[in-house]
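Good morning, and thank you for coming. Please look at the structure on the screen while I go through some of its side chains.

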Amino acid sequence: MHKKRRLYIKCIALLMAIHSYAQVETPEALDVQIEEGIALMFQKEHSQSIELLITTETIAKKNEWYEQVFRSTLNIGSNYYLLSDFGEAVLYYLRAYEVAIAHLDSRQEMTVLNNIGILYFQEEDLVQAKDYFFKAYQKAKDIEDEVKVGYYAVNLALVSNKMKAPDSAQSYIEEAFPLLKNEPKVLVQGKMAQSEMYLLKKQYAKSEAIALNLLQKFQDISQVENKVFILFVLAKINEEQNRLDKALHYVIEARYTQVGIENRSEIYGYLSNLYGKMGMLEKALVYKDSVIMASDSLTTTRNRKLFETEKVKFQIQNYQHELSESKEILKQERRFFYSIIGITVLSMGFILWVFRSNSIKHRQRKTIVELELAKEKSDYLLIQKQLREQETLALLEQERFKNELEVKNRKLTAKALSLSSKNDLIEEVVQSLSQNTLISENPELKQHIRELKKHLKTDTQWDSFFTHFEEINQGFLDRLRRKHEKLTPSDIRYITYLYMNLSNKEIASLLNITPQSCRKRKERLSNKLNIPEDTTFHNYLSMI
């Protein structure tokens, strides 16, 4: 009896909710509810906002109030945009666009086009973003809405900068500024685009002046993203002018300004690059590692955000399902009261019990399927993360081996140059002694001079040098001889110096020849080895 009583209470509550649902069917009342939904969206109560907007959209569709249909659908898409679910956002924006085309005017059309452009801009699909911004821009021109023309021109300038087209960006900025005199927030965005445009055109003084002026205005916490953007512009200006200390100062300031983790990987990557250019390799490597850690943190955060978005979508789907069930129950109740008067309370309770049981089973099956999908997705993300970690470790290990090889080859080069210097010294001493008439008459000293000359002609130290080279670069000489059997020992010695990336001057010193002869010998060997014209000698040797 208690269960039946609860079922009756639920039915009555459901009928009351449906009755109240019908009471708001006026355009003015619907506009009030849409505004409530928008307020909830900005309060980040996305689940409640979407539920309310879906209700207003349904009522508006039923009554063919297309202005309210458009606003409801557009703001549902905006909720999904703020939840970073861009796919769902695009779906609702396109539905709003279809309503605008079929039943409204160009103002609603250009609003949707601009929103879709922003989505593609966030996804870095710049071609699509520019296409939609331009469509919105053309619509604004058609209806002669100057403020909107200026707003969309700024968006086109920003996307043109991203596409490395500063001339196009400049034309849009020059058009926008006179139209935005009474729109300070949009004008600031235009100034940011102008500063970036001058940077791309290498007009550094103009770019820096605008950026420094904007930087003074971006002290409020709500301006964090704009401030980080300007700090990056200032850093790039100074980097391109080889003022690395100042560039580093601005990037570090951007690092401490950025409160979220979205731009952290870019900041750490920039810091690693700058420290590398400044020769501070240890710090460069530390920030290179920080890029990896920041990327992992960002991935984790996005996964968490995606999970929250999926929870909201599930709640909305559940709400839509319950709303649909509510309508269906209302129809069934009406048919029940009109056609089956006289059916007993027991029959009614039995029908409700069957309906409730089926609903529970359906929800259970749906929950099981969703849990299985979530598990498969989690496993897939875990495998992806493990693969990225393995690739990163492999790259780091490869870089370490490469650095060790370069250090050892440099030591070997120093040894070769030292050997060459020693031989040059001995040769000068021998030549000087040979020209001395007193020494030439002394048989014993003449014998010592002959021994020194013999010592210069021996190649035992060179053999030792090649032994060390083969230990460091294992298998290189064997592979070279197998691939080019006609090479002479002299050719192999010369190729060894080239493989060690020695300059013509260093090789000429080692071989006791002129740098010009060294260059000719390199050309002759290049033809002998049939090296393609678009490949350098050193790159060819590195591929052996």
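I begin with Tyr152, which counts as buried because its relative accessibility is 1%. By that word I mean under 20% relative accessible area, whereas exposed means over 50% and partly exposed lies in between, with a 1.4 Å probe and protein chains only. Before I continue, please note that this is a predicted model, in which local features need pLDDT of at least 70 and side-chain atom pairs count only at pLDDT 80 or more, while totals for chains, interfaces and linings use all residues. Residues are numbered from 1 along each chain as its sequence is written, and side-chain values use heavy atoms, with hydrogens and water left out.

Let me turn to the aromatic rings. How many aromatic pairs does the structure hold? There are 8 aromatic pairs. Rings of Phe, Tyr and Trp (for Trp, its six-membered ring) pair if their centres lie within 6.5 Å; planes under 30 degrees apart count as stacked, over 60 as edge-to-face, and the rest as tilted. Phe134 and Tyr137 make a tilted pair, with 5.8 Å from centre to centre and 35° between the planes. Both residues lie in helix H7, 3 residues apart, which is about one turn of the helix. Phe134 counts as partly exposed because its relative accessibility is 35%, whereas Tyr137, at 5%, counts as buried. Tyr152, with which I began, pairs with Tyr151 edge-to-face, at 5.5 Å centre to centre and 70° between the planes. Tyr151 has 29% relative accessibility, so it counts as partly exposed. Finally, Phe134, Tyr137 and Tyr172 form one aromatic cluster.

My next topic is salt bridges. Such a bridge is a side-chain nitrogen of Lys or Arg within 4 Å of a carboxyl oxygen of Asp or Glu. By this rule, the count is 19 salt bridges. One of them joins the side chains of Arg71 and Glu35, at 2.4 Å from N to O. Arg71 is in helix H4 (residues 66–82) and Glu35 in helix H2 (residues 27–42), so this pair links distant parts of the chain, 36 residues apart. Glu35 is partly exposed, its relative accessible area being 43%.

Which residue forms a salt bridge with Lys201? The partner is Asp167, and the closest N and O atoms are 2.6 Å apart. Lys201 lies in the loop between helix H10 (184–200) and helix H11 (204–217), and Asp167 lies in helix H9 (residues 166–176), so the pair ties together parts that are 34 residues apart in sequence. Lys201 counts as partly exposed at 23% relative accessibility, while Asp167 counts as exposed at 55%.

A further bridge is found between the side chains of Glu239 and Lys277, at 2.7 Å from N to O. This pair, too, links distant parts of the chain: Glu239 is in helix H12 (residues 224–240) and Lys277 in helix H14 (residues 264–277), 38 residues apart. Is Glu239 buried or exposed? Glu239 counts as buried, because its relative accessibility is 15%. Lys277 is partly exposed, with a relative accessible area of 48%. Elsewhere, Asp491, Arg521, Arg524 and Lys528 are linked in a network of salt bridges.

Let us stay with helix H12 for a moment. Val228 lies in this helix and counts as buried at 3% relative accessibility. Val228 and Glu253 are 25 residues apart in sequence, and their C-alpha atoms are 8.4 Å apart in space. Gln241 has its place in the loop between H12 and helix H13 (244–257). Gln241 is partly exposed, with a relative accessible area of 32%. Gln241 and Tyr204 are 37 residues apart in sequence and 8.4 Å apart in space, C-alpha to C-alpha.

I close with the surface. Patches are made of residues with over 30% relative accessible area and no salt bridge; like charges are joined within 9 Å, and nonpolar side chains (Val, Leu, Ile, Met, Phe, Trp, Tyr) within 5 Å. Accessible areas come from the Shrake-Rupley method with a 1.4 Å probe, and for residues only the protein chains shown count as cover. Phe350, Ile351 and Trp353 make a nonpolar surface patch of about 360 Å². Trp353 has its place in helix H16 (residues 345–434).

Note on methods. Helices (H or I, at least four residues) and strands (E, at least two) are DSSP runs, numbered from the N terminus.
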